Amino acid sequence: MEREHVRSMVRDLLLARRFEERAGQAYSEGEFGGFLHLYSGEEAVAVGVLHAAEPSDYVVSTYREHVHALVKGVPPGRVMAELYGRRDGCSGGMGGSMHLFDRERRFMGGYAIVGETFPIAIGIAYGIMLRRLPEAVICFFGEGAANQGTFHESLNMAALWRLPVLFVCENNRYQIGTEIHRQAAIPDIHTRACAYGMPGERADGMDVLAVHEVAQRMLHAIRSGQGPQLLELDTYRFRGHSMADAGAYRSRTEVESYKQAGPLQRVEQKLVAPMDRLNGSPAALDEASLQQLRDEVEQIVEAAVAFAEASPAPTLTDAWDAFHAPGRHETLIRAEQKHG
Ligand SMILES: Cc1ncc(C[n+]2csc(CCOP(=O)(O)OP(=O)(O)O)c2C)c(N)n1
Ligand SMILES: [Mg+2]
């Protein structure tokens with residue numbers, strides 16, 4: 001992999017971590033309300049998968065979706081303004097943290113209902129299939145959602161109609177406070193793919209390069225018409241389920257052990273070397289460029305906060321206009337025009 005690409009993935013990992021920590025801080029200071037589910041610890045999943053995506057691919061996610069939106073290209077200021085419930089947010093300040101949306105960038109939403117993402121993903125994929133476009137839908141979900149009926153119904157239909165979907169299970173081992181072995185009869189989620197005759201794979205979700213490699217291979221096959229696939233990525237959230245969760249169900253030792261092996265630690269261990277020991281490796285960065293990236297993302301996140309703070313609240317007229325949104329069926333039509 002090109003050094004420039006590795007650098008941009010590391011930058012996105014750092015941006016993701018800083019964005020989430022800063023959002024958590026603003027929330028604790030009472031700058032905005034609602035629910036806030038942070039992604040810290042899971043960044044290599046979104047960054048690895050979405051760096052393997054094309055701009056023409058669609059993304060559907062859950063309520064833990066800020067980072068998916070950021071990596072798909074939604075400007076950080078517009079994501080932060082949405083958390084703040086402001087008019088310049090990517091959903092006009094009317095969605096909040098769990099309902100980010102950006103049609104232009106094909107970020108087709110965060111969804112608060114567990115298992116809601118599957119039917120939405122296959123609906124978009126059905127449109128792509130009918131138009132015979134070389135595009136894919138990436139559907140992120142937590143391992144808890146794999147026990148919902150919509151998971152099974154959607155995988156069945158996706159396989160039956162050979163729909164272009166990459167189902168990405170973010171297996172962070174917990175469904176709020178319930179550990180995987182107490183919620184799932186079959187905790188190896190990827191093995192469920194065989195029930196629908198689709199390929200299923202598992203990879204280390206803490207290793208951004210490993211995630212990227214497997215996602216790239218699977219997406220390539222999906223875009224070339226080989227039907228849906230299921231990818232399970234082992235990961236861990238460093239914070240509580242949401243800001244309201246103190247996380248008393250996990251021992252400090254457990255959380256610490258995952259933190260030591262987190263995605264940023266991996267980058268530091270595997271990819272960063274002193275300048276004189278880079279050995280010409282294309283996948284390596286030196287410490288000075290890592291620090292440069294840290295400084296860069298700090299500025300981006302502070303600018304995002306300033307943008308959010310300066311944005312006004314939506315008005316009643318905005319709400320009325322959103323409710324009567326014209327042209328809300330246009331997304332796929334536009335895509336068709338784009339591909340001639
Ligand atoms: C249909 C439905 N049932 C229950 C909930 C309450 N709920 C919110 S998040 C969550 C846990 C989901 O866990 P998982 O899918 O593993 O995702 P994670 O939060 O770990 O990313 C539950 C039960 C919900 N939002 N929707
Ligand atoms: Mg989970």
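In which sense do strand β4 and strand β8 pair, and over how many bridges?

**View 1. Strands β4 and β8 side by side in a predicted model.** Strand β4 (residues 165-171) runs parallel to strand β8 (residues 229-234), and six bridges link the pair. Strands here are DSSP runs (E, at least two residues), helices are runs of H or I with at least four, and both are numbered from the N terminus. Pairing takes at least two DSSP bridges. Look for Asn 171, which sits opposite Asp 234 in β8.

**View 2. The open six-stranded sheet.** Read across, the order is β2-β1-β3-β4-β8-β7, with parallel pairing.

**View 3. Helix α5 packed on helix α6.** The axes of α5 (residues 117-131) and α6 (residues 149-160) lie 9 Å apart at an angle of about 15°. Axes are lines fitted to C-alpha atoms over the stretch in contact, with angles from 0 to 180 degrees between N-to-C directions. That angle makes α5 roughly parallel to α6 (under 35 degrees counts as such). On the α5 side, Phe 118, Pro 119, Ile 122 and Ala 125 make the contact; on α6, Thr 150, Phe 151, Ser 154, Met 157 and Ala 158 do (C-beta atoms, placed from the backbone, within 7 Å).

**View 4. Around ligand 1.** Of the 15 residues here, Val 114, Gly 142, Gly 144, Ala 145 and Gln 175 come nearest (near: C-beta atom, placed from the backbone, within 6 Å).

Residues count from 1 along each chain as its sequence is written, while chains are lettered from A and ligands numbered from 1 in written order. In this predicted model, local features need pLDDT of at least 70 and side-chain atom pairs count only at pLDDT 80 or more, whereas totals for chains, interfaces and linings use all residues.

Notes: Angles under 35 degrees count as roughly parallel, over 145 as roughly antiparallel, 65 to 115 as roughly perpendicular and the rest as oblique. Two residues are in contact if their C-beta atoms, placed from the backbone, lie within 7 Å.
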